[in-house]
Every structure is written in structure tokens, then in C-alpha cells.
Amino acid sequence: MTVRTRFAPSPTGYLHVGGVRTALFSWLFARKHGGAFVLRIEDTDLERSTAESVNAILEGMTWLGLEYDEGPFYQTKRFDRYAEVIDQLLGAGLAYRCDCSRERLDGLREQAMKDKTKPRYDGHCRSRNVPADEPHVVRFRNPEGGSVVFDDLVQGRIAISNDELDDLIIRRTDGSPTYNLTVVVDDLDMEITHVIRGDDHINNTPRQINIIAAMGKIPPRYAHVPMILGDDGARLSKRHGAVSVVEYREKGLLPEALLNYLVRLGWSHGDREIFSLDEMIELFDIEDVNKASSTFNTDKLLWLNQHYIKEDDPKRIAHLLSYLMGKLDVDPAKGPDLVDVVKAQQERAKTLVEMAEISVFFYRDFDEYDPQAAKKHLRPVALESLTRMRDRLAGLEPWTAEALHQAVADVAEELGLNMGKVAQPLRVAVVGRAASPGIDITLHLVGKQACLRRVDRAIDYVRQRAEQQG
RNA sequence: GCUCCCUUCGUCUAGUGGUUAGGACGCCGGCCUCUCACGUCGGUAACAGGGGUUCGAGCCCCCUAGGGAGCGCCA
């Protein structure tokens with residue numbers, strides 16, 4: 001039997017990291033076993049499903065490279081099929097019509113809570129034969145007595161007594177099918193062999209298994225993976241604050257970093273931290289996933305992102321970076337080759353956005369000095385070295401990193417200073433801040449004209465400051 | 001309230017009866033160094049609590065506490 005897994009999000013919000021990890025696990029499991037990965041959009045909640053959410057999901061999956069072999073299938077396009085199954089169940093007496101009012105149901109719930117028991121439907125309409133031409137819902141006739149047992153690939157054996165389950169609604173008054181019915185029908189029809197989903201579905205599973213049994217079918221294997229908690233400890237789920245994957249892209253995260261981070265949440269392979277997609281496919285196993293939920297930690301994600309930025313091909317980084325530079329009103333075509341800039345900054349940024357921000361000065365004169373940097377380095381004592389550097393740079397030919405390094409070293413020696421005493425004022429003059437790549441590379445990439453212009457500006461600044469101080 | 005699930009450094013985790021409880025992120029310190037960063041070396045820090053079982057428990061059992069989920073004409 002070939003493995004078939006699926007990811008079945010409901011388009012009622014954006015795609016968050018919890019969903020992505022579930023998708024990743026499903027995808028990895030399918031890939032590992034040479035099976036198929038199916039994408040299914042569970043949009044039966046007409047009120048809350050939106051086209052934007054569908055787009056966000058598809059976009060997120062594409063960005064991450066989690067390619068699906070089949071789909072996306074939309075449940076709203078399968079209503080006929082669900083109706084067919086419900087009618088069959090109805091015909092076989094495995095489901096029944098119910099016209100209990102919401103008020104009655106609410107009363108039942110209230111009373112149950114008051115009695116300190118679990119709220120359950122009382123089966124009022126089980127044998128009432130509610131006529132089909134009057135408003136009604138359809139309920140599944142859950143087996144009485146006994147219990148449902150299943151061996152979860154992550155959680156182990158789980159057993160729930162049928163007495164805990166009630167007759168759930170499978171068709172609403174408006175005729176639309178409900179979640180527990182559609183999931184079951186789809187997983188069966190799409191021949192899903194392994195259902196990998198969040199552990200918030202554990203409690204639904206026995207109901208679904210009962211429906212499957214009523215349909216005379218064999219249930220798939222289940223793997224309920226724990227949820228992810230947010231940085232603040234609050235849980236990440238569709239119903240609570242969670243960060244969209246699209247936001248991570250906009251923050252300059254690399255998909256491989258996010259995926260690597262996510263796969264290590266609840267899963268590990270010895271002491272290993274770095275996994276390429278191929279390595280994940282080779283080493284991942286759903287049975288190695290932990291049962292406990294884990295907390296999302298942005299610092300570690302950022303560390304991984306920096307790792308991948310460092311390791312990646314500068315050309316690819318440059319390609320991604322150019323878009324971000326554009327958002328900062330910089331045209332990377334006018335100035336140093338962006339690939340060279342990337343090579344210079346590759347070890348200095350945790351995100352692509354950060355890299356863009358610290359690279360703007362290569363293309364455009366900065367507005368103001370960083371106050372701290374100016375205060376510390378653009379002082380009267382620096383005047384001598386700045387003017388000497390200015391003269392030196394003006395006559396420098398060719399404008400290479402090697403020659404620039406030599407020029408700085410020469411000035412330092414002439415003045416009997418160490419490199420830092422010369423390089424730092426110069427750096428602040430050219431960069432506007434006290435941090436940048438090596439001074440030689442920095443000067444080289446900024447270019448002769450801009451360097452001279454900025455050094456002149458710094459000399460003026462220091463003179464003015466000296467005058468003000470009297 | 002009821003049912004189900006979970007519990008090793010702050011965080012992610014290794015660990016499957018005998019370990020100085022290991023690694024990673026973060027944090028702190030050293031080195032490298034023109035700054036920042038990278039790299040590198042070292043340090044900080046954990047078995048939720050209580051009972052058992054056993055010659056011996058992080059590992060097995062029970063209880064308590066804490067956390068999560070479900071209990072919808074949501075998915």
C-alpha cells in the first residue's frame with residue numbers, strides 16, 4: 001500500500017507556523033515513503049472561509065516548497081458526495097433526523113454543566129422519526145456501550161468509551177455537511193493512509209472512527225502531533241494570535257530556515273541541528289515525534305536563518321535582497337554589485353531585512369550619524385587622521401581593497417596610531433555608524449567619489465563640533 | 001465541571017534501570033580583531049512534587065500539582 005498523507009487547512013485565517021509544521025510532517029512522511037501528499041481546503045464554513053485565506057495558504061506552501069501531488073481539493077465542490085453518504089447513513093438507520101431547538105440544546109448543556117457532567121445530546125430524536133419535509137438536522141447514531149480504541153503513531157494507544165460520545169450533527173438545517181462527516185468521507189475517498197494533524201483533533205478521532213465503521217470502511221492510521229505554543233506561552237492556533245508564514249517571508253526569513261526550525265520542534269535526530277530538506281526526508285519518522293507541546297523560540301529561528309544566509313549562494317541572496325532594497329528606495333543597479341555587497345554582509349545579518357537595512361549606505365548617503373558613533377569617533381582628535389586619509393584617498397589609484405587597506409595602515413603608522421584609531425573615525429564618516437564590513441571592503445564598495453564626499457562631510461562635522469566646544 | 005493528552009536547563013531536545021544527566025539557542029567570560037559579525041575556547045543552567053517497585057530510578061507503577069485540548073447546526 002502506498003502512503004498517502006494530506007494537509008487539510010480551513011481557509012478562515014492565514015497559514016500559521018503550527019499548520020506549517022503539520023504540513024511539513026505530512027509532506028516529509030509522504031516523501032520518505034515515496035507516497036503522495038494531498039492538499040485539501042476545508043472550506044465548508046461558508047461564513048468564515050475567504051478567498052484571501054486560500055491564497056495565503058497556497059502562497060505559503062509554494063514559498064516553503066511543500067509541493068503537493070494532488071489538489072488542492074475544495075470541500076465546497078464535493079457537497080453532492082457528502083449528501084450521498086449522509087442519505088445512505090439515513091437510509092440504513094445509522095443516522096436520524098432531529099428537530100430539537102437550539103434553546104432545548106442550550107438547556108441541555110447548561111443542565112449538564114450544573115450536574116458536573118460532560119454536555120451530551122440526550123438522543124431525544126433518536127426514534128422520533130422527524131419528517132423530512134420539516135426543518136431538521138441529521139445526527140449520526142453513535143454506538144452505545146463499548147469503546148473506541150486506536151493506536152496513534154505519536155500518542156500511542158488511546159481508548160475512549162462510547163458513553164463519552166453523543167450523536168453528533170452531520171448535516172445542518174441548511175443542508176450543509178459538518179466537519180466530522182466531510183473529513184471522514186474525504187480521507188476515505190482520497191485514500192489517505194496516514195492522517196497527520198494537530199492533537200486538538202484527538203477527541204474527534206473516536207467519533208470519526210465510528211462514522212467510518214458505520215460506512216463499513218477501515219480507518220486510516222492516525223498521528224496526532226502536539227501543538228506549538230507562542231513565545232509568550234499562549235498557544236498558537238487558528239483561534240488565537242499566531243504569526244502568518246507570509247510575515248516571516250516579509251521579515252526576510254529563508255524558507256529552509258523556517259522548515260529546519262519547525263522540524264526540530266518536537267522531533268530530533270541525536271544532537272543534530274542542521275537538516276537539509278533531503279536529510280529531513282531521509283531521517284524523519286513520524287514515530288519519533290514527541291508527545292509534548294513545544295514553545296516557539298524566535299531567537300533560535302533567527303540563529304538558523306543567519307546560518308542559512310551565511311551558507312547560501314550569494315547570488316541567490318542578492319536576488320532576494322534586491323526586492324527588499326527596492327522597498328527602502330534603493331536601486332541596487334546604481335552602485336556596487338549587490339552580490340559583492342552580500343558577500344561583505346553575509347555573516348552580519350540575521351534576516352534579509354536586516355541585511356538590506358545595513359547595506360543602504362553602499363548606495364546612498366546617510367542622513368545622520370548614529371549619535372553614539374559620532375560622539376565616540378568623530379572627535380577633534382580624529383581630525384588629523386581624517387584629513388590625512390582624505391588626501392590619501394583622493395590620490396589613490398587603483399581603488400582596490402588591497403590598496404585601501406594599505407592606505408589606512410600607512411596613515412596609522414605615520415601617526416603612530418593603531419589601525420582602529422584611524423579606521424573607526426573613517427568608518428563612521430563613510431558608513432554613518434560604527435559597524436560595517438572590513439574598512440577596506442567597505443571603502444572599496446562605497447566607491448571613491450562617495451568616500452571623498454562623506455569624509456569631507458565628516459571633517460566639516462568635526463570642525464563644527466570643535467568650534468562649538470570652544 | 002466532565003473526558004482525553006502532556007511534564008529533563010529560560011527555550012528546543014538527547015536519554016529507553018547503573019551517565020560527572022549530553023547537545024543546541026540564549027546569556028556570561030576568554031581568544032581572534034580596524035568596528036560589527038563570523039569563528040573558536042570555556043562557563044551558567046534541568047529530571048514538577050510525593051509515594052512505591054528494585055541492589056540501583058530521569059527512565060517502570062500510583063497519587064498530587066501544573067499545562068494543553070475537546071465537550072458547537074467551527075474546522
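**Reading the local features**

Mentor: Let us begin with contacts, meaning heavy atoms within 4.5 Å. Not counting residues up to four places away in sequence, Ser359 touches Met325, Val341 and Gln345. This is a predicted model in which local features need pLDDT of at least 70 and side-chain atom pairs count only at pLDDT 80 or more, while totals for chains, interfaces and linings use all residues. Residues are numbered from 1 along each chain as its sequence is written, chains are lettered from A and ligands numbered from 1 in the order in which they are written, and side-chain values use heavy atoms, with hydrogens and water left out.

Trainee: Where is Ser359 placed, and is Ser359 buried or exposed?

Mentor: Helices (H or I, at least four residues) and strands (E, at least two) are DSSP runs, numbered from the N terminus. Ser359 is in the loop between helix H13 (352–357) and helix H14 (371–377). Buried means under 20% relative accessible area, exposed over 50%, and partly exposed in between (1.4 Å probe, protein chains only). Ser359 has 0% relative accessibility and therefore counts as buried. Its side chain reaches the backbone oxygen of Met355 at 2.7 Å.

Trainee: Why is helix H8 described as largely enclosed?

Mentor: In helix H8 (residues 255–263), 8 of the 9 residues are buried, so the helix is largely enclosed by the rest of the structure. Among them are Pro255, Tyr261 and Val263.

Trainee: How is strand pairing read, and which strands form the open sheet of 3 strands?

Mentor: Two strands pair if DSSP finds at least two bridges between them. The open sheet has the order E4-E5-E8, with antiparallel pairing. Strand E4 (95–98) and strand E8 (169–171) stand at the edges with a single partner strand each, so one side of each lacks a neighbour in the sheet. Strand E5 (residues 137–140) pairs with E8 over 2 bridges, and Arg139 stands opposite Ile169 in E8.

Trainee: How many aromatic pairs does a search of the whole structure find?

Mentor: Rings of Phe, Tyr and Trp (its six-membered ring) pair if their centres lie within 6.5 Å; planes under 30 degrees apart count as stacked, over 60 as edge-to-face and the rest as tilted. The search finds 10 aromatic pairs. The rings of Trp267 and Phe275 have centres 5.1 Å apart and planes at 55 degrees, so this pair is tilted. Phe25, Trp267, Phe275 and Phe284 form one aromatic cluster.

Methods:
Polar contact = N/O pair within 3.5 Å; in protein donor to acceptor, adjacent residues only side chain to side chain.
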